[in-house]
Amino acid sequence: MTTDINWDNLCAELSGIEMITDQTQVKKLSQDYYHFSPILQHELKDKTGDIVVRPATEAEILQVAKVCVKYKIPLTVRGAGTGNYGQCIPLEGGVILDISKLNNIKWIKPGLACVEPGVKMAAFDKQAREIGWELRMVPSTYRTATIGGFIEGGSGGIGSINYGQLRDRGNLQAARVVTLEDEPRIIELRGDDVQKVNHAYGTNGIITELEIPLAPVYPWTEIIVTFNDFMTSARFGQDLALSDGIIKKLISVCASPIPAYFAAFKDIIPTGKPAALLIVSETSLEPFQELVKEYQGEICYQKSSQETGKGTTIIEYSWNHTTLHARSVDPSITYLQTLLPADRKLELLEHLYDHFGDEVMQHLEFLRLHGEMHPASLQLVRFTTEERLNEIIRYHEERGAIIFNPHTYILEDGGMKMINLEQLQFKQKVDPYGLLNPGKMRAWLEREKHL
């Protein structure tokens with residue numbers, strides 16, 4: 001346990017709030033899917049909190065915040081723990097704040113909703129679809145992930161083909177946040193101010209409420225198309241992504257042998273074939289089928305809109321669930337996240353595909369970035385050594401590709417590769433003792449350089 005803390009007194013001051021002290025449970029609730037990375041496996045395997053608290057109201061969160069400030073004890077906020085970078089793993093022990101009981105949907109109206117952070121994404125969509133709306137984008141962990149956890153630790157997902165990434169202006173409307181000052185306060189952030197806590201790993205405030213914009217629901221159908229070779233499947237994906245008249249929300253293209261890792265589709269996707277996993281509106285099927293024909297693709301799987309979302313769903317074979325399924329067969333597999341340069345994305349993709357072969361298996365997810373369509377790659381990598389992994393990263397970067405490194409738990413080192421002064425200044429104001437998820441924000445660790 002964290003030293004120099006009178007835990008009996010601390011627990012007494014949290015009386016009335018659900019608390020978990022059993023160390024087996026605490027350890028379980030101190031983890032996420034960081035084991036996707038062999039680097040993080042080594043760095044984070046022994047990290048655990050001291051106790052878990054499950055507040056049910058904003059008032060109880062304020063109580064937890066006040067006690068943690070009083071005892072100067074680290075506080076790490078946790079959603080469903082479905083992240084892959086150690087976002088919610090407590091590096092310095094302390095209190096784990098589990099938001100799962102803050103799961104009220106405050107209101108839903110056309111195009112907008114207000115929710116508590118512990119609302120499960122799938123449960124929300126089920127209710128929102130009753131009035132014709134749904135979440136704009138969701139991760140492949142959609143069935144279990146919380147909306148708050150996704151805002152804090154995610155970046156994009158199914159739906160990013162239309163709406164870009166979480167950080168893009170307009171994808172988060174407002175947030176209520178509890179501070180960790182001597183007298184914790186509630187702050188409401190609206191407009192561009194929401195970026196102070198958007199994708200910040202919970203390092204600068206405890207989110208208690210969110211206003212999120214929604215997308216209209218279409219009669220979505222799930223489809224798998226196979227092709228004769230990978231680059232044909234990639235060009236098809238790019239052409240479909242740029243076909244604005246065809247309504248879609250997922251284009252996931254997997255080179256062979258990746259589809260062989262998909263147990264649910266082993267008798268559906270022919271061996272050795274690259275496959276595109278797609279979600280398209282049934283109203284767009286006719287032009288979609290013409291595009292498939294143009295690229296000599298074969299539709300091997302199709303689910304009606306009435307069946308989409310029931311049973312096996314291709315959502316759970318896209319984005320990082322692709323990695324999950326591959327690792328269930330071969331645990332030595334890890335992954336990278338790569339953005340190809342806009343001016344020669346398919347040219348470089350073909351070079352990387354030919355150069356690395358099966359050592360780096362190409363997996364593309366198409367998304368909108370600053371108004372342009374991009375194939376982002378979540379390549380599966382056959383891991384041998386850290387040195388070789390770094391060589392692979394360098395080879396990509398030397399050729400103009402941007403690597404969003406999934407093998408670090410530091411906020412800035414994974415994606416932005418730069419200090420976010422706005423988030424740092426906000427943290428200095430609302431978390432002056434640096435108690436929120438310590439060790440994850442490089443800007444705070446190096447704050448003397450920047451403030």
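Ile147 touches Val115, Pro117, Val119, Met121, Phe124, Leu135, Leu210 and Ile212, leaving aside residues up to four places away in sequence, where a contact means heavy atoms within 4.5 Å. The model is predicted, so that local features need pLDDT of at least 70 and side-chain atom pairs count only at pLDDT 80 or more, while totals for chains, interfaces and linings use all residues. Residues are numbered from 1 along each chain as its sequence is written, and side-chain values use heavy atoms, with hydrogens and water left out.

Ile147 is, with Phe124, Leu210 and Phe262, among the residues with the most contacts inside the largest nonpolar core. Such a core is a set of buried Ala, Val, Leu, Ile, Met, Phe, Trp, Tyr and Cys residues joined through side-chain atoms within 4.5 Å, buried meaning under 20% relative accessible area with a 1.4 Å probe, protein chains only.

| Core | Size | Residues include |
|---|---|---|
| Largest nonpolar core | 65 residues | Phe124, Ile147, Leu210, Phe262 |
| Second, separate core | 41 residues | Ala234, Leu291, Val292, Leu364 |

Across the protein chain, buried residues make up 58% of the 451 residues. Among contacts between residues at least 6 apart in sequence, 72% join residues at least 24 apart. The C-alpha atoms fill a box of roughly 70 × 50 × 40 Å along the principal axes.

The mean positions of the 46 positive and 59 negative charges of the protein chain lie 2 Å apart; Lys and Arg count as positive, Asp and Glu as negative, with His and the chain ends not counted, and each charge is placed at NZ of Lys, CZ of Arg, CG of Asp or CD of Glu.

Definitions and conventions
Buried < 20%, exposed > 50% of the residue type's maximum accessible area, 1.4 Å probe, protein only.
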